[in-house]
Amino acid sequence: MRSAQQFARKVIEMVLNTSSITVYPEKRAEFFQTMTQLLKPLNGTAGCKAFRMYVDVADENSSLIISEWDSETDLNNYLSSADHAILHGAITVLSKRSREMKAVIN
């Protein structure tokens, strides 16, 4: 017979951070070159499961960056890091509009 602990479900937390970005058309090439250089090493950040960027097929100047994290603490550590400051700075300079959102899913 199994105990209550054996039947307890393991709670899996998923933390997502998204950035919706629209770049100036004349800055598009620079934006993609910069993002390619900045996003690649971020996949090795502690607690980061994935860092990906997608382009809107209806608007080539609009992109979505999605990062997945093991925990909210890992994401918050990243958000207060120099790496995030550099990425955020590049987005600010090269885009005409951006919006960031965080979601914790249990």
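Author: The chain has four helices and four strands, where helices (H or I, at least four residues) and strands (E, at least two) are DSSP runs numbered from the N terminus. Along the sequence their order is α-β-α-β-β-α-α-β. This is a predicted model, in which local features need pLDDT of at least 70 and side-chain atom pairs count only at pLDDT 80 or more, while totals for chains, interfaces and linings use all residues. Residues are numbered from 1 along each chain as its sequence is written, and side-chain values use heavy atoms, with hydrogens and water left out.

Of the 106 residues, 31% count as buried; buried means under 20% relative accessible area, exposed over 50%, and partly exposed in between (1.4 Å probe, protein chains only). Among contacts (heavy atoms within 4.5 Å) between residues at least 6 apart in sequence, 69% join residues at least 24 apart.

Now the rings. A pair of aromatic rings is described by the distance of the centres and the angle of the planes. Rings of Phe, Tyr and Trp (its six-membered ring) pair if their centres lie within 6.5 Å; planes under 30 degrees apart count as stacked, over 60 as edge-to-face and the rest as tilted. The structure holds four aromatic pairs. In one of them, Phe-31 and Phe-32 have ring centres 5.4 Å apart and planes at 70°, so this pair is edge-to-face. Phe-31 and Phe-32 are both buried. Another pair is formed by Phe-51 and Tyr-78, with centres 5.6 Å apart and planes at 75°, so it is edge-to-face. Because Phe-51 is in strand β2 (residues 48-56) and Tyr-78 in helix α3 (residues 72-79), the pair ties together parts that are 27 residues apart in sequence. Both Phe-51 and Tyr-78 are buried. Together with Trp-69, Phe-51 and Tyr-78 make up one aromatic cluster.

What surrounds Phe-31? Neighbours within four places in sequence aside, Phe-31 is in contact with Ile-21, Val-23, Met-53, Ser-63, Ile-91 and Leu-94. Ser-63 lies in strand β3 and, at 5% relative accessibility, counts as buried. With its neighbours within four places again left aside, the contacts of Ser-63 include Ser-19, Phe-31 and Phe-32.

Two strands pair if DSSP finds at least two bridges between them. Strand β1 (residues 14-23) has eight of its ten residues buried, so it is largely enclosed by the rest of the structure. β1 pairs with strand β4 (residues 95-105) in the antiparallel sense over ten bridges, and eight bridges join β1 to strand β3 (residues 59-69), also antiparallel. Ser-19 has Glu-100 as its bridge partner in β4 and Ile-65 as its bridge partner in β3.
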